[in-house]
Amino acid sequence: MTEIMGRVWLFGDNVNTDVIHPPAFYSLDPDKVRAGLFHGYDPEMQPAIEPGDVVVAGRNFGCGSSRETSIRALRLNHIGALVAVDFARIFFRNATNNGLPCLTFANADDMTRLHKGQRITVDPDAATLRTEAGEEIPLTPPGDFIRRIWAADGLLNLLPQAGSAPQL
Amino acid sequence: MSGRTISDKVIDAHARDGDDTTLYRLVDVDAVLGPDATIALLIDDFERRGLSIWDRDRVLLANDHFSPPATAERADISNRFLAFARGQGIPNLMLDSGISHQLLVEHRLCQAGGLIVGADSHTVMAGGIGACATGMGATDILFTLATGTTWMRKPNTIAVRFHGTLPAQSSGRDVVLALLALLGESGAQYRCLEFHDESTPALCQDDRFAIANMAVEIGAKFGVFVPDQTTVDYYVARDGELLGTLVRPDADAGYERVIDLDLSELDARVAKPWSPANVVPLKDLEPVRITSAFLGSCASGRLSDIGVAAAELTDRRVHPDVRFVVIPASVEVFKQALRAGYVETLIEAGAIVEHSSCGACGGIDKGVLGADDVCVSSSNRNFRGRMGHWQSRTYLASPRTVARAAVRGVLAPDLYRDVGDQ
């Protein structure tokens, strides 16, 4: 997976999927889904997002509903990666399954070294985050299994061919 | 080496290979649950890839989010979902029959010892009858529909042991809110919560469903009750016999943590906006004027919940400033509530009884909140903006507390004191 370069959007703990993507924006229409990202939290945010921007958050990011519209909204806005202290289980699966890298800080305290709007580079495979100032912040290596899903650009590309057994 | 927990045993029994040293394992599932809103997200991919469902008989699909649809856009989504289900020849398509999680536990597909995945986070509720069930997103569910398998990590387990006697005015909702206060929104993240009910008398099955349902608000992957006589009675009443396997933990099972909860002193609990873990005892709450009361959702829309509300509203009126919406969790529950006379009591008291569906819990329809609304709700989440407007406020509470607040017009600390029963 290639490096991701963008700006930091900073969040706290327990950001749930109803905040990430309010239920009123649930739709099969990509334009409507795209517009809903963080709409209640900050209506100015979505139009200001640039491709490659990175969501940085505290504990338990993405708790709550399993609606994958929250992942679609992040992807439709070209968020490049998410880096958090940790992720809620279903959100982590959904993002990973869609090839959107979720990485965690190797040291939870490192989150305080980042600020909103800062330009950073994330290397998902190497599990590192670099700031513009050249500071390197270690992330937790994702493991081969997760790397395989990223490399395939999502779980669906690992579906077995007709007639063959599924494998990990 | 220590013994195995329930989730250890269920995952081992469903793993494709015998190697339990790998972090992620490919497992076979026994059943897949699919509600309309999430299944609709995967239909295009499923059809474009020319996939077929691995075993139609093991799939339960239900239109519970948009039932019936409130807008033209949702009607189109609903029609797409129904056309997919019919086109795939799914025998267990439950049309306008209630909330999928309730329909699952009413169905023979859900068995003790089973491993079940569903396209909605509250799938975990089937743990109330000894199944390891968990929620996932559309992409995971697509993979499982096509292969009958999924990837899974074996979670660590936290054992929660209930002791003492739950006071008559308290319910499973108060128990799980107390647990949320203790563990927080991520206290069981990636873990299995294994509930050992050693209280006397044992918790009723509806209370167990409420507790298992909200295990996901604590971050849990499974929230599973150790099966006992209450479990067996439920299956025998439903299927005529016990068909599943009662999987119990080993006596020396390895737990990450053991929590002992004495239910004897547990009085009413309330979760304040905007987190299910923002819990206080009701008696410590500042009085809050409410405009809306909601009894329903997969967490608490079952017969005993509706019965409690009917008892509270007998010969009383819903406060004139309050809209009280009641939604039975399934049509089967609705029919039982009709036969018991609960629905008539509620309507006579001024409540609105709506068709079995998710309703306003997810901000969908049948009582969505406006900016100035303050709601006391028996649903499972009070996240900001979930039930409607970003400025609206939702308090979570037990069905009894919801009903009492609906009568008083105030979520008040003395809701129980003034009737002299707590």
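Biologist: At what angle do helix H10 and helix H13 of chain B pack?

Modeller: This is a predicted model, to be clear. In it, H10(B), residues 303–313, packs on H13(B), residues 399–408, at an angle of about 30 degrees. Their axes are 8 Å apart.

Biologist: Why call H10(B) roughly parallel to H13(B)?

Modeller: Angles under 35 degrees count as roughly parallel. The angle here is about 30 degrees, and that makes H10(B) roughly parallel to H13(B).

Biologist: Is the crossing of H10(B) and H13(B) left-handed or right-handed?

Modeller: H10(B) passes H13(B) in a right-handed crossing.

Biologist: Which residues make the contact?

Modeller: H10(B) brings Asp305(B), Val308(B), Ala309(B), Glu312(B) and Leu313(B). H13(B) brings Pro399(B), Arg400(B), Ala403(B), Arg404(B) and Val407(B). By class, that contact has six nonpolar, no polar and four charged residues.

Biologist: Next pair. How do the axes of H7(B) and H8(B) cross?

Modeller: H7(B) covers residues 172–183 and H8(B) covers residues 205–213. The axes come within 8 Å and cross at roughly 25 degrees. H7(B) and H8(B) are therefore roughly parallel to each other. Their crossing is right-handed.

Biologist: And which residues make that contact?

Modeller: From H7(B), Gly172(B), Arg173(B), Val175(B) and Val176(B). From H8(B), Asp207(B), Arg208(B), Ala210(B) and Ile211(B). The classes are four nonpolar, one polar and three charged.

Biologist: Switching to the chain A and chain B contact. How many residues does it take from each?

Modeller: Chain A gives 35 residues and chain B gives 42 residues.

Biologist: Which elements of chain A give two or more residues to that side?

Modeller: Helix H1 (17–20) and helix H5 (89–97) of chain A. H5(A) gives the most, with five residues.

Biologist: Where does Gly62(A) lie?

Modeller: In the loop between strand E2 (54–57) and helix H4 (69–76) of chain A.

Biologist: Is Gly62(A) buried or exposed?

Modeller: Gly62(A) counts as buried, because it has 30 C-beta neighbours inside 10 Å. The cut-off for buried is 20 or more.

Biologist: What does Gly62(A) touch?

Modeller: Leaving out residues up to four places away in sequence, Gly62(A) touches Val15(A), Thr17(A), Ile20(A), Phe87(A), Ala88(A) and Phe91(A).

Biologist: Last topic. How many residues has the largest nonpolar core?

Modeller: It has 181 residues. Those with the most contacts inside it include Val83(A), Leu60(B) and Leu193(B). Beyond residues up to four places away in sequence, Leu193(B) touches several others, including Ile158(B), Val160(B), Ala188(B) and Phe222(B).

Notes
Residues numbered from 1 in each chain as written. Chains lettered and ligands numbered in written order. Predicted model: local features only at pLDDT ≥ 70, side-chain atom pairs only at ≥ 80, totals over all residues. Core = buried A, V, L, I, M, F, W, Y, C linked by C-beta atoms within 7 Å. Buried ≥ 20, exposed ≤ 12 C-beta atoms within 10 Å, placed from the backbone. Contact = placed C-beta atoms within 7 Å. Helix = DSSP H or I, 4+ residues; strand = E, 2+ residues; numbered from the N terminus. Axes fitted to C-alpha atoms, helices over the stretch in contact; angles between N-to-C directions. Parallel < 35°, antiparallel > 145°, perpendicular 65-115°, else oblique. Left-handed = near helix turned anticlockwise from the far one by under 90°. Nonpolar A, V, L, I, M, F, W, Y, C, P; charged D, E, K, R; others polar.
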